Amino acid sequence: MKYLVIAAGLLSTTAAYADAPELTVYTYDSFVSDWGPGPAVEKAFEEICGCDLKLVGAGDGAALLARIKLEGERSDADVVLGLDTNLTAAAKATGLFADHSVTADYALPVTWTDATFAPYDWGYFSFVHNADAAAPANFKELAASDKKIVIQDPRSSTPGLGLLMWVKAAYGDEAPAIWADLADNVVTVTKGWSEAYGMFLEGEADMVLSYTTSPAYHLIAEEDSSKAAAVFDEGHYMQVEVAGKLAASDQPELADQFLAFMVSDAFQSIIPTTNWMYPAVTPADGLPAGFETLVEPGKSLLLTEDEAAAVRDAALDEWLTALSQ
């Protein structure tokens, strides 16, 4: 009889799980990796939502928008997490996103008033290198050096697109000349951040496009202080990563609950030591020890979403022309 009771209990639990609503969140691959925020976020949200949170890796950040455009209103996604301000204008133009109701005391360097997308982290792009090697102080010094770099494709990667915006924001009409000079420094262009950073760690390049926060991973997770972020005197381009809900979601209330959870301490406290970025809302316990050692750019660069949309195609053409020579 006791075995029948146990079996009935298992069936009841299975049925309850099957009846739980499912929330599907499209994001980038590194977010859902074993070492990324995904597993901890999934566990924490499912403890309060009574739902099944399904995190789907869809390549790198810029690939998310392409997938949503392709799927349109037929998409299984309820929430997209991993776009940034270089893509939000294009995302809004699809008409596929609905406004959010998120409110938070943001710790961003910029004022946030976007009604469609809510931020969850931010950082500064930088070239990461071995700390015992001299680093250039700007793009022109990098181009004049024999340093070999790995960068990401701006058509699929938000860091790759951020680099285009960085050069454009710093140099304007001089950007094509900067890219022409940088072309012979580029070892390869990868589809996403993970591939590029892995190549750098394997010694296939002297520097890799990443973030000023990347050395924190090595310092905190590996007790390794051998990596550093180069500080460029032109300034550093800022990335603000965001999430938004799809207008066609069949779980709109659950999507709203997830976005509200995203700016809560339970989510934000996960970000610094899994996504290795600055959280959009400062956790109750502050930033982890080690973050105080990170370099701070002397100048911040950031195009508005409309400015980024206006220069994106031209910047991409300049990049493609330079690297194809």
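How many helices and strands does the chain have? In this predicted model, the chain has 13 helices and 12 strands. Its radius of gyration is 21 Å, close to the 20 Å given by the globule rule for 325 residues, so the chain is as compact as a globular protein of that length. The C-alpha trace spans about 80 × 45 × 35 Å along the principal axes of the chain.

Of the 325 residues, 53% count as buried. Contacts can also be described by separation in sequence: among those between residues at least 6 apart, 78% join residues at least 24 apart.

On the H8 side the contact is made by Ala175, Pro176, Trp179 and Ala180, and on the H13 side by Glu318, Trp319, Ala322 and Leu323. By type, the residues of this contact divide into 7 nonpolar, no polar and 1 charged.

Which residues meet between H7 and H8? Leu163, Leu164, Val167, Lys168 and Tyr171 in H7 meet Ala175, Ile178 and Trp179 in H8. The residues of the contact of H7 with H8 divide into 7 nonpolar, no polar and 1 charged.

**Single residues**

| Residue | Relative accessibility | Class |
|---|---|---|
| Ser30 | 15% | buried |
| Pro136 | 7% | buried |
| Glu223 | 74% | exposed |
| Trp276 | 10% | buried |

Ser30 lies in helix H2, which covers residues 29-32. Leaving out residues up to four places away in sequence, Ser30 touches Trp35, Gly36, Pro37 and Ser194.

Pro136 is found in the loop between strand E5 (118-130) and helix H6 (139-144). With residues up to four places away in sequence not counted, Pro136 touches Glu141, Leu142, Met207, Ala230, Val231 and Phe232. Pro136 and Asp233 are 97 residues apart in sequence, while their C-alpha atoms are 9.7 Å apart in space.

Glu223 and Trp276 can be read as a pair. Glu223 has a positive phi of about 50 degrees although it is not a glycine. Trp276, not a glycine either, has a positive phi of about 55 degrees. Where do they sit, and are they buried or exposed? Glu223 lies in the loop between helix H10 (214-221) and strand E9 (227-229), and Glu223 counts as exposed because its relative accessibility is 74%. Trp276 is placed in the loop between helix H12 (265-268) and strand E11 (278-279). Trp276 is buried, with a relative accessible area of 10%.

How values were computed
Residues are numbered from 1 along each chain as its sequence is written. This is a predicted model: local features need pLDDT of at least 70, side-chain atom pairs count only at pLDDT 80 or more; totals for chains, interfaces and linings use all residues. Side-chain values use heavy atoms; hydrogens and water are left out. Contact means heavy atoms within 4.5 Å. Helices (H or I, at least four residues) and strands (E, at least two) are DSSP runs, numbered from the N terminus. Ala, Val, Leu, Ile, Met, Phe, Trp, Tyr, Cys and Pro count as nonpolar, Asp, Glu, Lys and Arg as charged, and the others, Gly among them, as polar. The radius of gyration is taken over C-alpha atoms; the globule rule is 2.2 Å times the number of residues to the power 0.38. Buried means under 20% relative accessible area, exposed over 50%, partly exposed in between (1.4 Å probe, protein chains only).
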